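I opened this entry to log what I looked up, one item at a time. The coordinates come first, my notes after.

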Amino acid sequence: MRDRTLWTWHVGAGLVILVLLGLHMAIMHLDATLGLFGTGDVEPVDWESVVSRMQDLFFTVTYVLLLGAALYHGGYGLRNILLELNPGPGLRRAIDVGLSVGGLALFAFGTWAALAAPGAATAAGG
Amino acid sequence: METRGHPNRLGILGWIAGGRWGFERYLYALHRVTGLGLLAYFVLHIFVSSARVLGPESWQQAMDVVSGPLFRAGEYLVFAAFAFHALNGVRLAILELGFGVGRPIDPVYPYATSVGRQRPLALAVMVLAGIVALWGGLDFFVLQ
């Protein structure tokens, strides 16, 4: 794929991350001032809060979207940094394959966790 | 990425020590440093947060491992890095789309650059990132 296309996806993924990670940061780390999604006195990382998010389809879908966008954006950014160091053709190929395989493996693992979480919450009595 | 004819002689050192660069060049270096830090944290975060699939005991064990003042400070650094990286990324996207750099002009002496035109945007974005980082600091360390 041409670098211009990859770069355009990189910028687009950045915009997706800006919205979804901004929301994630606001929920998880600005809870004392914003108190989003009504977690009340419960901390966002407490099991009750985690269960309520795991069982909400909105969070499952946005987690997977954020996972894919962040892995692509981060992987492509890392690739740019590494390729700027002028690796030879063999090493360049290894960087491309390594980042693609590593990114896809992390995406598969993270997606499995997001999709399996609602069932796990139900099994735990959530 | 085509680099033929323009070898990157300085390598990573060129991020900070290439010469008398302007403010935006250091934002570029910081953008990369924060990007790498966020990526490293994100990969760890995928594994730590997947403990929720194994139930409440595993989740609590994972949270106990990443608790304490050191992790709290590290988490705040991640928040501040996100604030900088996100807002500087918005600035870069704005510039890439051709906004905020002025109209193209003929290269007539004395040559004008777009640096002066884009500087206010860089300063505004850094002030905004500072406000978000302070807001986060208030939430992380004062109101908890």
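This is a predicted model: local features need pLDDT of at least 70, side-chain atom pairs count only at pLDDT 80 or more; totals for chains, interfaces and linings use all residues.

**Entry 1**

I started with Leu13(B). It sits in the segment before H1 of chain B. I found 9 other C-beta atoms within 10 Å, so Leu13(B) is exposed. I then checked Leu13(B) against Leu123(B): they are 110 residues apart in sequence and 25 Å apart in space, C-alpha to C-alpha.

Next I took Gly14(A), in helix H1 of chain A. Buried or exposed? Gly14(A) has 22 other C-beta atoms within 10 Å, so it is buried. Leaving out residues up to four places away in sequence, I get His73(A) and Gly89(B) as what Gly14(A) touches. I also looked up Gly74(A): its C-alpha is 9.3 Å from that of Gly14(A), at 60 residues apart in sequence.

Then Asn86(A). I located it in the loop between H3 and helix H4 (89-123) of chain A. I counted 16 C-beta neighbours inside 10 Å, so Asn86(A) is partly exposed.

**Entry 2: backbone**

My reference point here is that most residues other than glycine have a negative phi, and most peptide bonds are trans. Asn86(A) has a positive phi, near 55°, and is not a glycine. Gly98(B), which follows H3(B), also has a positive phi, near 95°. I then looked at omega. The peptide bond joining Tyr109(B) and Pro110(B) is cis, with omega about -5°. Pro110(B) lies in the loop between H3 and H4 of chain B.

**Entry 3: H1(A) against H3(A)**

I describe two packed helices by the angle between their axes and the distance between the axes. Helix H1 (residues 3-29) and helix H3 (residues 57-83) of chain A pack at about 135°, with axes 8 Å apart. That angle makes H1(A) oblique to H3(A). The crossing is left-handed. From H1(A), the residues in the contact include Trp9(A), Gly14(A), Ile17(A) and His24(A). From H3(A), I noted Thr62(A), Ala69(A), His73(A) and Tyr76(A), among others.

**Entry 4: H3(B)**

I turned to H3(B), with 28 residues. Its first C-alpha to its last spans 40 Å, close to the 40 Å expected at 1.5 Å a residue. Which residues of H3(B) are buried? My list includes Phe79(B), Phe82(B), Ala86(B), Gly89(B) and Arg91(B). The cover over the buried residues of H3(B) includes H1 of chain A, together with H1 and H4 of chain B. I followed two of these, H4(B) and H1(A).

H3(B) packs on H4(B) at about 155°, axes 9 Å apart. That makes the two helices roughly antiparallel. The crossing of H3(B) and H4(B) is right-handed. On the H3(B) side I logged Phe79(B), Phe84(B) and Arg91(B), among others, and on the H4(B) side residues including Leu121(B), Val125(B) and Phe140(B). By class, the contact of H3(B) with H4(B) has 16 nonpolar, 4 polar and 2 charged residues.

H1(A) and H3(B) have axes that come within 11 Å and cross at roughly 150°. H1(A) and H3(B) are therefore roughly antiparallel. H1(A) passes H3(B) in a left-handed crossing. I listed Gly14(A), Leu18(A) and Met25(A) among the H1(A) residues of this contact, and Phe79(B), Ala86(B) and Gly89(B) among those of H3(B). The contact of H1(A) with H3(B) divides into 9 nonpolar, 4 polar and no charged residues.

**Entry 5: the two chains**

Last, I looked at the chain contact. How many residues of chain B are in contact with chain A? I have 32 residues of chain B against 33 residues of chain A. On the chain B side, helices H1 (23-49), H2 (56-65), H3 (69-96) and H4 (115-142) each supply at least two residues. The residues on that side of chain B divide into 19 nonpolar, 10 polar and 3 charged.

Technical notes
Residues are numbered from 1 along each chain as its sequence is written. Chains are lettered from A and ligands numbered from 1 in the order in which they are written. Two residues are in contact if their C-beta atoms, placed from the backbone, lie within 7 Å. Helices (H or I, at least four residues) and strands (E, at least two) are DSSP runs, numbered from the N terminus. Ala, Val, Leu, Ile, Met, Phe, Trp, Tyr, Cys and Pro count as nonpolar, Asp, Glu, Lys and Arg as charged, and the others, Gly among them, as polar. Axes are lines fitted to C-alpha atoms, for helices over the stretch in contact, and angles run from 0 to 180 degrees between N-to-C directions. Angles under 35 degrees count as roughly parallel, over 145 as roughly antiparallel, 65 to 115 as roughly perpendicular and the rest as oblique. A crossing is left-handed if the near helix is turned anticlockwise from the far one by less than a right angle, and right-handed if clockwise. The expected span of a helix is 1.5 Å times one less than its number of residues. A residue is buried if 20 or more other C-beta atoms lie within 10 Å of its own, exposed if 12 or fewer, and partly exposed in between; C-beta atoms are placed from the backbone.
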